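Visitor: Can you walk me through this one? I'd like the overall picture, then a few residues.

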Amino acid sequence: MKKRLISYIQLLKPRVMSLVIFTSFVGLTISPIKTSLHEILLIIFSISLGAGAAGALNMWYESDLDKKMERTKSRPLPMGYVSTLEAFSLGLTLSLISITLLAVNINYLSAALLAFTIFFYAVIYTMILKNRTSQNIVIGGISGALPPVIGWVAVSGYVSIEPLVLFFIIFIWTPPHSWALAICYIDDYKKSSIPMLPAVVGVTKTCDYILFYSIIMLPVAMLPYLLNFAGHLYGFVALLASLVFVYKARVLHKLSRTANKIDKKAKDFFGFSIIYLFLLFSLLLADGLFFII
């Protein structure tokens, strides 16, 4: 019973869910429209269920692929802890519950955005893009970048420039973050015939793309400060952290031309990218909560 419960939790991709919860909460917090604690908890709970639903549907559809990859072969479906029908049923049920909760209790626009996010991740990215194009993660990143917009819309009822900036921060951050991890598991992707960028164009060319997106990341990360909805502390730290982000991408780029094995540096870049995004959104959250200037 305990193993099955753990397996059901794993189907929801809790690490991805935690990022969704955090970024949507930041979007909710920086909105000029404030709401009750009860509604905040309901919004976050609904978005969390939606994120878990998308994760379960992703694992359901990719259960056969997961068996072939070292990184994913110990997931609940490949291990036989839960069935594909259970995973599909869980994903579909949580999708309906999460969308309905927002539609009935909050507003229709946030519910529609959540429905679109789940659909985009489960269908457009997982079922269509992932196995057809090496730019899968670029286009698929739309779904991962929408949670702060959903959080904002849930409390305000409208879309504004602020949540769109948060969207673009995550959207531009996602490709270099994901490609660095893909470099570490390039053999898995080749074996599974998944056209992740490193498996298609090679590590060297992938590092060109990582450096390119990392350079674009710098001005995008500065937008909250330049548009005056984040304070001086955010501006200073975002600039410094973005310069480090570009530097690490440059190190990875240079190493890709001089060595065959760059797994360690790729993992280092991947790890820093998580800290980097968390730092940016933490400062935005602090501005929203404490009006740091």
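Visitor: How many helices and strands are there?
Guide: The protein has 15 helices and zero strands. Helices (H or I, at least four residues) and strands (E, at least two) are DSSP runs, numbered from the N terminus.

Visitor: What should I know about the model itself?
Guide: This is a predicted model: local features need pLDDT of at least 70, side-chain atom pairs count only at pLDDT 80 or more, and totals for chains, interfaces and linings use all residues. Residues are numbered from 1 along each chain as its sequence is written, and side-chain values use heavy atoms, with hydrogens and water left out.

Visitor: What is the radius of gyration?
Guide: The protein has 19 Å, which agrees with the value near 19 Å for a compact globule of 293 residues. The radius is taken over C-alpha atoms, and the globule rule is 2.2 Å times the number of residues to the power 0.38. Along the principal axes, the C-alpha trace spans about 55 × 50 × 30 Å.

Visitor: And what share of the residues is buried?
Guide: Buried residues are 53% of the 293. Buried means under 20% relative accessible area, exposed over 50%, partly exposed in between (1.4 Å probe, protein chains only).

Visitor: Switching topic. Where does Asp-188 lie?
Guide: Asp-188 is in helix α11, residues 186–192.

Visitor: Buried or exposed, that Asp-188?
Guide: Asp-188 counts as buried because its relative accessibility is 5%.

Visitor: Which residues does Asp-188 touch?
Guide: Leaving out residues up to four places away in sequence, Asp-188 touches Lys-68, Met-69, Glu-70 and Arg-71. Contact means heavy atoms within 4.5 Å. Asp-188 and Glu-70 are 118 residues apart along the chain, yet their C-alpha atoms are separated by 6.7 Å.

Visitor: Now aromatics. How many aromatic pairs does a search of the whole structure find?
Guide: The search finds 15. Rings of Phe, Tyr and Trp (its six-membered ring) pair if their centres lie within 6.5 Å; planes under 30 degrees apart count as stacked, over 60 as edge-to-face and the rest as tilted.
Guide: Tyr-121 and Tyr-125 form a stacked pair, 5.6 Å centre to centre with 25° between the planes.

Visitor: Which helix holds Tyr-121 and Tyr-125?
Guide: Both lie in helix α7, residues 108–129. Tyr-121 and Tyr-125 are four residues apart, about one turn of the helix. Both are buried.

Visitor: Which residues form one aromatic cluster?
Guide: Trp-179, Tyr-209, Phe-212 and Tyr-213 do.
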